[in-house]
Amino acid sequence: MVKLWVFFACVSLMGAAVGGIGVGVNWGTQATHLLPPKIVVQLLKDNGIKKVKLFEADPEAMKALGNSGIQVMLGVPNDFLAALAGSVRVAENWVVNNVSHYVSKYGVDVRYVAVGNEPFLKTFNGTFQQTTFPALQNVQAALIKAGLSKQVKVTVPLNADVYQSSNGLPSGGDFRPDIHDLMLSIIQFLSNNGAPFTINIYPFLSLNADPNFPTDFAFFDGGSVSVVDGTISYTNVFDANHDTLIWALEKNGFPSLPVIVGEVGWPTDGAPYADSEYAKKFNQGFISRISNGQGTPKRPGAPDAYLFSLIDEDMKSVAPGNFERHWGLFYYDGSLKYSVDLGNGQSLVPARGVKYLARQWCVLSPTASIMDSNLPGAVNYACSNADCTSLGYGSSCGGLDARGNASYAFNRFYQTQNQQAGSCDFSGLSVITQADPSEDGCRFDIMINVGAQERSGSVSLAANHNNMSLLVILGNLALIVFLLS
């Protein structure tokens, strides 16, 4: 029998619904070059995606979602929880400006307000434990005052580390001792207000963290591994993890509380198990289950769920791993990574109307020597200010030689800087070429041309550098070990 303790110890460290079939998507915006929101909304509509989860009330995204027929779960960032918890008036103003305004003026179909994002993660060391519940209460009060509480429900997206198992099986599930009473208070509040429990579950992280984890158990097609819990035989970790939560709810008196899967997905780069083949296998398996109305042994009906995520984000923190920037069903520009049958008679289609910078790349000069003393510093600088996560071990560009590594780093910086004059000048080591240097599954991208009117999503070098967390910078610097070896 496979023990489940690792499944709950290795759940998501981060911070997701597809098709007109009950599955939606998370739409994140931590990127240097954002697709215009109108293009993203059209991408959702073209793929029959009728639900989206936002991590904050981005004005342009909210406007673009107006009268789109797409239901919205609207997030409140963790760093705003204290303000919301401290004042009902602040919560009322937030609801007026971020919910009522878009509902009444633009026709945005807001269904949920997600208060915080995984605020009880163990890695937060209790930072948000005193503010999450009061913020939730105040937002609910504000929705009631605005006359929106019947249409818009509150919830708190939580990481699966809020529960654990006493015996390594789903039936041993209960909430963590350090937050047990707090969890019950929140759950009672959700139940009283007809609101759902939202949980994020990431089988990828279990597989990625443990070399002894049975690969088949991460997916939905059944394998040689199963976990027997009483009369139930679990053939995949998602079901086992989800039902651990259901057991925890039942034990504490909430057997029928609705549960939303707020994030679930698989990355395509940045780690050995993060590739398009595995991502397609997982996401197709999950979508097919939802299409067929299949849930878990404890909750047989298909859950309301959001895939993580819609588009890659090249400014996400890489503290959990380089894969953090590669969760998208689509690349940064809305182009396809792999084909998925949405279960509604269609496959994924790419974004339309995307404009790009000139078809040119910045690469290591043919005359430059890899022994040049300036090269390590140049690569260091490029990867400290652009996304080089595809160069890591087991990643899509991890097989490049030293020259290829340097070229990749230079091009990422060049494209991030919008191909500006001087951004391909690394102490005379680089040149601009019109020949695509991509090779063997390693993409040398050309960046989106966001345009002068939409360049808010395309940060300058200074803004990018100043806004990246130290963990992001350190994560990129760690890649230097691979670049010139």
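In this predicted model, the axes of helix H11 (residues 375–384) and helix H12 (residues 402–416) approach within 8 Å and cross at roughly 40 degrees. H11 is therefore oblique to H12, and the crossing of the two helices is left-handed. On the H11 side, the contact is formed by Leu375, Ala378, Val379, Tyr381, Ala382 and Cys383. H12 contributes Ala406, Ala409, Phe410 and Phe413. Sorted by class, the contact of H11 with H12 comprises 10 nonpolar residues, with no polar and no charged residues.

Phe410 of H12, part of this contact, is also one of the residues that touch the most other members of the largest nonpolar core, together with Leu65, Val99, Phe197, Ile199 and Leu249. That core contains 143 residues. Its largest share, seven residues, is supplied by helix H9 (residues 237–251). In soluble globular proteins, nonpolar side chains tend to be buried together.

When neighbours within four places in sequence are set aside, valine 99 is in contact with Leu74, Trp94, Val110, Val113, Leu143, Leu148 and Val152. Another core, of five residues, lies apart from the largest one. Among the members of this other core are Met73, Tyr112, Ile260 and Tyr306.

Backbone geometry was considered next. Most residues other than glycine have a negative phi, and most peptide bonds are trans. A cis peptide bond, with omega about 0 degrees, links phenylalanine 308 to serine 309. Serine 309 is located in the loop between strand S13 (304–307) and strand S14 (361–364).

Positive phi values occur at glutamate 118 and at aspartate 440, neither of which is glycine. For glutamate 118, phi is near 50 degrees. This residue belongs to the loop between strand S4 (109–115) and helix H6 (132–145). Glutamate 118 has a relative accessible area of 0% and is therefore buried, the cut-off for that class being under 20%.

For aspartate 440, phi is near 45 degrees. Aspartate 440 is placed in the loop between strand S15 (430–433) and helix H13 (461–467). With a relative accessible area of 75%, aspartate 440 is exposed, because that class begins over 50%. Both residues thus lie in loops, but glutamate 118 is buried, whereas aspartate 440 is exposed.

Key
Residues numbered from 1 in each chain as written. Predicted model: local features only at pLDDT ≥ 70, side-chain atom pairs only at ≥ 80, totals over all residues. Heavy atoms only, no water. Axes fitted to C-alpha atoms, helices over the stretch in contact; angles between N-to-C directions. Helix = DSSP H or I, 4+ residues; strand = E, 2+ residues; numbered from the N terminus. Parallel < 35°, antiparallel > 145°, perpendicular 65-115°, else oblique. Left-handed = near helix turned anticlockwise from the far one by under 90°. Contact = heavy atoms within 4.5 Å. Nonpolar A, V, L, I, M, F, W, Y, C, P; charged D, E, K, R; others polar. Core = buried A, V, L, I, M, F, W, Y, C linked by side-chain atoms within 4.5 Å. Buried < 20%, exposed > 50% of the residue type's maximum accessible area, 1.4 Å probe, protein only.
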